Amino acid sequence: MQSNPTAQHVKRLLQADRLFGVDSVPVPSVLRMLAEHGATGAPVTAGGSVSVESKRTQLDVLDRDQVKGCEKCGLCKGRTNTVFGDGDANARLMFIGEGPGFDEDRQGVPFVGRAGQLLNKMIAAMGLKREDTYICNIVKCRPPNNRDPAADEVIACTPYLHEQIGIVEPEVIVALGAPASKMLLDTQTGIGRLRGQFHDYHYTNLSGEVTSISLMPTYHPAYLLRSPQEKKKTWDDLQMVMKLLGLELPTR
Ligand code: SF4
């Protein structure tokens, strides 16, 4: 008997919706272990040598002393708040979008609007909590009417992002959407071709060493709200990230 492709398609979308719509998921054993600083006693430090307190302090100082009063590009004129970053300074997983929207500008926190709620569900589907990850954007001030950041704005603001990455030193970066993916990978290739595979993000760490982090481009949650049929592809990308991090994949 031939399978019904429409039924299969609907089933896949329902699965993706369920995965991104879960209210709670079992915390994988590896995460429980990490939350307790490991059965081996090893600190949950991606870089291995810098304490989480030191990382938190470095991020706080960068935000307070440089970003909050920054006027390096024209985006400072329309902002209510700068939006620096949110989450675990020691995170193994970092999400990077292109810039704050209306709700983020009002609250000074990244990904808190409808797209942020979907991102939270995506993170929950991975068996993580938002606070297990680090979330930020390329530009720290809201572009007017939520347009993509302009090249001069990206150039002005990326030193802050590079410092954030160097401090947190995540094991994996998920770039959310085309602007963030293209900027981080310095390419004009579209998100449809970039996603679905890991790329190397090269950067200089705080010790001055050039190193790389695995980067997975995927669709931005705001795009997924408009195009829910792409959730399945995003879930595929996130499962590749889970695998690389050694997280437990769902069996359902
Ligand atoms: S977007 Fe970045 S560079 Fe521009 S004013 Fe805001 S913090 Fe400064």
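Two strands pair if DSSP finds at least two bridges between them. Helices (H or I, at least four residues) and strands (E, at least two) are DSSP runs, numbered from the N terminus. The model is predicted: local features need pLDDT of at least 70, side-chain atom pairs count only at pLDDT 80 or more, and totals for chains, interfaces and linings use all residues. Residues are numbered from 1 along each chain as its sequence is written.

**View 1. Pairing of strand 3 with strands 1 and 2.** Strand 1 (residues 85-87) runs antiparallel to strand 3 and is joined to strand 3 by three bridges. Gly85 has Cys136 as its bridge partner in strand 3. Strand 2 (residues 93-97) runs parallel to strand 3, with four bridges between them. Here Phe95 has Ile135 as its bridge partner.

**View 2. The two faces of strand 3.** Strand 3 (residues 134-137) is covered on both faces. Tyr134 and Cys136 on one side, and Ile135 and Asn137 on the other, are all buried (20 or more other C-beta atoms within 10 Å of the residue's own, C-beta atoms being placed from the backbone).

**View 3. Surroundings of Met94.** Apart from neighbours within four places in sequence, Met94 is in contact with Thr133, Tyr134, Ile165, Val168, Pro170 and Ile173 (contact: C-beta atoms, placed from the backbone, within 7 Å).

**View 4. Confidence along the chain.** The average pLDDT (the predictor's confidence in each residue, from 0 to 100) is 86 for the chain, and 80% of the residues score at least 70. Residues 1-6 have pLDDT below 50, and this stretch has one contact beyond near neighbours in sequence.

Key
A residue is buried if 20 or more other C-beta atoms lie within 10 Å of its own, exposed if 12 or fewer, and partly exposed in between; C-beta atoms are placed from the backbone. Two residues are in contact if their C-beta atoms, placed from the backbone, lie within 7 Å.
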